[in-house]
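Colleague: I am new to this structure. Please walk me through how to read its features.

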Amino acid sequence: MREATLRVFRGETTGGKTADYRVPVAPGMVVLDALHYIQGHLAPDLAVRWNCKAGKCGSCSAEVNGRPRLTCKTRMDSLPLDKPVTVLPMKAFPLIKDLVTDVSWNFRINKRIPPFQPRPDAEWKIDQRDVDRVQEFRKCIECFLCQNVCHVLREHDKKEEFAGPRFFVRVAGLEMHPMDGASRAGLLRKELGIGLCNITKCCTEVCPEEIRITDNAIIPLKERVVDEFYDPLLMLVRKIRGAR
Amino acid sequence: MADVVNPPAAGRSFGRTQRHDTWWVEIVPVVVLLGGFGFYATLRAFEGRFYEWGPYLSPFYSPLIDPHHHWWLLSPALLILGGPLGFRVTCYYYRKAYYRAFFLDPPACMVSEGRRTYRGETAFPFILQNLHRYFFYIAVIFLAFLWRDAVRAFFFDGTVGVGVGTLVLLVNVILLSLYTLSCHSLRHLAGGKLDCFYCAAFGPPRHKTWQWLSGLNQRHMLFAWASLVSVGLADLYVRLVSCGAIRDVRLF
């Protein structure tokens with residue numbers, strides 16, 4: 001049977017090394033299968049977070065050959081096996097052990113976002129075409145690959161000032177909800193730091209659910225922030241309307 | 001055991017990455033094409049001649065203002081350059097392209113940029129990117145002039161005809177129109193800003209418009225490059241005909 005070498009990070013918060021493991025490659029095998037083989041036969045103490053193995057729970061995120069991937073959706077035969085396949089933990093989050101990182105910062109950010117607030121006069125009837133637009137944002141599985149690849153978090157570690165693509169997707173789903181009455185433009189500009197995003201689209205490139213994060217969530221939200229804070233004409237119109 | 005790696009501490013030095021592919025290949029075409037266009041457009045804008053021939057007017061010089069230098073002594077292109085330049089510079093697609101290729105911010109996904117400070121689009125000058133919709137309004141005015149030029153290119157000394165230059169200018173203005181119509185700001189203004197399409201006044205037609213513009217918007221990158229190339233080639237064609245290097249072929 002064909003074999004592949006997996007170069008897997010082993011270590012804890014104090015540091016670590018990569019270790020090489022030879023793994024037999026079966027047809028249809030994914031990287032997570034290879035990690036399970038290592039756990040089962042070569043290194044039973046290897047820490048890997050996983051759950052559904054169907055690309056829907058978002059648990060098995062890692063960096064495979066330097067690319068953020070769900071290991072359960074990355075087929076071994078899609079990788080060049082003549083060289084070792086590197087599997088490293090997500091760099092943007094603190095390491096716990098081996099391939100497991102602490103992603104709890106994301107849940108703290110999530111709490112800062114005001115939840116759905118129905119308009120007081122809302123008629124509880126939604127047209128399907130209004131639903132269609134926000135449906136895309138509900139596909140997010142919270143794998144945090146977009147957060148990991150975003151250079152604002154990964155490279156500049158702006159976790160205090162910037163919420164990251166995952167939470168712009170969440171805010172977009174709320175802001176474009178036809179029944180929601182809250183405005184989160186001020187929050188986006190200040191606390192969530194949308195201005196720090198320089199739309200390099202890396203988040204869109206890595207999204208396993210193929211959400212068009214930049215075009216459909218971040219840019220429309222940036223435009224809403226412009227409406228509220230940077231468009232002098234709209235500001236004047238609001239002032240005139242307010243004076244009446 | 002292989003190399004010592006501490007992922008949380010990795011990065012920081014420029015170009016550091018765990019990617020196995022030749023990531024820099026992605027930015028080379030952008031540097032060449034955008035850099036080449038910028039160099040050519042600057043030369044042409046300052047040249048101040050060979051911008052019209054017969055019914056053809058170079059898109060770099062349209063609308064033509066004070067060509068006989070009554071009050072403006074430099075090239076007429078310099079009077080109008082700011083409009084289309086501002087539209088492209090603040091364009092959401094080009095921002096991605098040049099932040100990656102020229103500012104290396106980041107040079108590619110998962111590749112370290114090696115910079116300590118980062119302010120994104122929160123401070124001057126990049127905070128001005130928020131004025132993109134105003135450059136869009138200006139671009140629409142320019143587009144009207146370019147359509148006028150494309151129609152004029154069908155009239156040779158009072159007779160209707162088609163030359164190669166006519167087709168060049170027509171294709172150029174079509175591509176520029178597609179690029180302008182696929183703009184993210186227009187998509188927002190046309191309907192994207194609504195929370196509820198079917199509760200708002202004129203909601204359903206705005207939804208239709210938004211949907212149609214969203215379809216175009218998916219090809220914004222394609223139109224951005226195609227129109228950039230076409231505007232450069234249209235100018236080059238007019239220049240070559242105007243300076244006598246080539247002859248315009250009349251098709252009928």
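Modeller: Start with strand pairing. Two strands pair if DSSP finds at least two bridges between them. Keep in mind that this is a predicted model.

Colleague: Through how many residues does a hairpin join β1(A) to β2(A)?

Modeller: Two residues link β1(A) to β2(A) in a hairpin. Strand β1 of chain A covers residues 3–12, and strand β2 of chain A covers residues 15–24. They pair in the antiparallel sense, over ten bridges. Take one bridge: A:E3 has A:P24 in β2(A) as its partner.

Colleague: Now the domains. Which domains does the assignment of chain A give?

Modeller: Domain 1 spans 3–101 and domain 2 spans 104–243 in chain A. The C-alpha centres of domain 1 of chain A and domain 2 of chain A lie 31 Å apart. Their contact takes twelve residues from domain 1 of chain A and 13 residues from domain 2 of chain A. On the side of domain 1 of chain A that touches domain 2 of chain A, six residues are nonpolar, three polar and three charged.

Colleague: How many residues does the contact take from chain B and from chain A?

Modeller: Chain B gives 43 residues and chain A gives 49 residues. Look at the side of chain B that touches chain A. There, α4 (92–101), α7 (184–192) and α8 (203–217) of chain B each supply at least two residues. The largest share of that side comes from α4(B), with five residues.

Colleague: What is the make-up of the side of chain B that touches chain A, by class?

Modeller: That side of chain B has 17 nonpolar, 15 polar and eleven charged residues.

Terms used. Residues numbered from 1 in each chain as written. Chains lettered and ligands numbered in written order. Predicted model: local features only at pLDDT ≥ 70, side-chain atom pairs only at ≥ 80, totals over all residues. Domains from an automatic or database assignment. Contact = placed C-beta atoms within 7 Å. Nonpolar A, V, L, I, M, F, W, Y, C, P; charged D, E, K, R; others polar. Helix = DSSP H or I, 4+ residues; strand = E, 2+ residues; numbered from the N terminus.
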